[in-house]
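Subject: A structure for you to look at

Hi there,

Here is the structure I promised to pass on. Please open it beside this email and follow along.

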Amino acid sequence: MLTTLAGVAVARRRLVIVLAAVAFVAAGAFGGGVASQLSSGGFDDPSSESYKAGEELLERFGAGAPNVVLLVTALDGSVDDIAAEGLALTDELAAAPDLGSVGSYWSLGNPASLRSIDGTQALVLGRIQGNEDLVADRIEELSPAFTRSDSVLTVEVGGQAETFRQVGHSIEQDLLRAELIAVPLTLLLLLFVFRSVVAASLPLVIGALSVVSTFVVLRGINSFTDVSIFALNLTTALGLGLSIDYSLFVVSRYR
């Protein structure tokens, strides 16, 4: 069967190339936006006892670990001197959509655990309610909105939600940077190994086709179950790596 398939591909090589190009364009149009649909969560096991206990506490008592933390720094004096501003900031966070369990040093009776030792910094705590994807969407809006500085205080955003947001952005930027570095270097190495532009281009073309095709597969799987955003890293690495390996086998064999 493989011999017959190879014979057909050789006999109809122009048609095969055209069909591959059409498939590449179609796959890029359909699967190109898959990154925005993949999940940034998936770190918790819904069947675990700890997860069920957390959901029970949240449902019955509205209690849950805060995933948004605002670090407020008084620029002149202590945080007790900016109580009015601190309470206003607390109310502003509590009024944001999907926010619950909001409290701060000023609204909870000035507990020492929410204030720095030198008294110049204090915390505002809140929880974005919903699944990981909703949390990721909300923190994208909250982080720039609450990162501020004026003549009285500065506010910095932290917490689990903000940490995951920054990690996700770092991964996306690092992946792009890695591709911009790896692809040109790979092409130079392939030119050195294959001693031919056409042969050296083969792994990159096959790799691009396999990566874009996998985006379509990921989009299809994502319609049935959650797929992690980190699948994109594996898709790029494996698609390019395997295409180089098997191109080396094929070209070396037929040479």
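Below is what was found in it, starting with how to read the values.

This is a predicted model, in which local features need pLDDT of at least 70 and side-chain atom pairs count only at pLDDT 80 or more, while totals for chains, interfaces and linings use all residues. Residues are numbered from 1 along each chain as its sequence is written, and side-chain values use heavy atoms, leaving out hydrogens and water.

Let's begin with the strands (DSSP runs of E, at least two residues, numbered from the N terminus, as are helices, which are runs of H or I of at least four). Strands pair if DSSP finds at least two bridges between them. Strand β5 (residues 153–158) runs antiparallel to β1 (residues 68–74), joined by six bridges; among them, A74 partners L153. β5 also pairs with β4 (residues 148–149) in the antiparallel sense over two bridges, and a hairpin of three residues joins β4 to β5.

Now the aromatic rings. Rings of Phe, Tyr and Trp (its six-membered ring) pair if their centres lie within 6.5 Å, with planes under 30 degrees apart called stacked, over 60 edge-to-face and the rest tilted. The whole structure has two such pairs. The centres of Y105 and W106 are 5.7 Å apart with planes at 80°, so this pair is edge-to-face. The rings of Y246 and F249 are edge-to-face too, because their planes stand at 90°, with centres 5.6 Å apart. Y246 and F249 are three residues apart in helix α8, about one helical turn.

Enjoy exploring!
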